[in-house]
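Open the model in a viewer and keep the selection panel at hand.

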Amino acid sequence: MPVGLRGSVRSERQSGVTASTSVLRVCTPEQLSSIVVPASLAPCAALDALRVASGPLNALGLAWGPSGSTGFALATGEPLLRADSDLDLVLRSARPFTTQQRDALLAMLAEASQLCRIDLQIDTGHGGFAFAEWAAGRTRVLLKTAQGPVLTANPWEMP
C-alpha cells in the first residue's frame, strides 16, 4: 500500500510502500470533518477556515473532510501546521452539483478563503477534479483517475 512520510517541513517528505498489515489506523477525510481539534495544534488560519467551511459543507448533506497537511495534523495531533498553511478539502459527489449546491460552495469558498488558500477537490467515485477549475466554467477539466489523468467536459461521466 502506498504511504507518504513527512517530517516537520515540506521538504522532508518521502513516498514509500508498506504492507497493509502494518497499518494501525486509517482516518478518512470524512472522519476528520467532525474531529475535535487536538490541544497539541496551535490556532492557525487553516483551522479557522475549516471551522468556517464546516457549516456550509455539512448543510450540503454530502461526504466531505480535510485532507493534506490539515487532515494529517488532525489525524495525528502533530503540530505541523504553520501560519501560512493552506486548507485542502475533499467533497464526495457522484452526481453533478445543482445550481444551489454550486452557489453554496462558491459562497463558502469566498468566505473561508479570506483566511487562507483553499483547495477543494471533488471525488466523483471514479476520479477527482479541482472544484475551482470546474466552477470557472472551463470547457474541459482535468479528472484524476486510477487509470491516469483525463481531460473531460463532464467529470461525473466515466471516461
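Select helix α3, residues 68-76, in this predicted model. Its buried residues are Ser-69, Thr-70, Gly-71, Ala-73, Leu-74 and Ala-75. Then step just past the end of α3 to Gly-77, where phi is positive, at about 80°.

Next, go to strand β4 and pick Asp-88. Which side chain of opposite charge is nearest to Asp-88? It is Arg-117, 4.6 Å away. A salt bridge here requires a nitrogen-to-carboxyl-oxygen pair within 4 Å, and Asp-88, although buried, has none. Show the contacts of Asp-88, leaving aside neighbours within four places in sequence: Gly-65, Pro-66, Ser-67, Gly-68, Ser-69 and Asp-119. Of these, Ser-69 is also among the buried residues of α3.

Now select the largest nonpolar core, which has 33 residues. The members that touch the most others are Leu-57, Leu-89, Leu-91, Leu-105, Ile-118, Leu-120 and Ile-122. Colour by element to see the contributors: α2, α3, β4, α4 (99-112), β5 (118-123) and β7 (141-145) each supply at least two residues. Which of them gives the most? That is α2, with eight residues.

With neighbours within four places in sequence set aside, Ile-122 is in contact with Leu-91, Ser-93, Phe-97, Gly-127, Gly-128, Phe-129, Phe-131 and Trp-156.

Notes:
Residues numbered from 1 in each chain as written. Predicted model: local features only at pLDDT ≥ 70, side-chain atom pairs only at ≥ 80, totals over all residues. Heavy atoms only, no water. Buried < 20%, exposed > 50% of the residue type's maximum accessible area, 1.4 Å probe, protein only. Helix = DSSP H or I, 4+ residues; strand = E, 2+ residues; numbered from the N terminus. Lys, Arg positive; Asp, Glu negative; His and termini not counted. Contact = heavy atoms within 4.5 Å. Core = buried A, V, L, I, M, F, W, Y, C linked by side-chain atoms within 4.5 Å.
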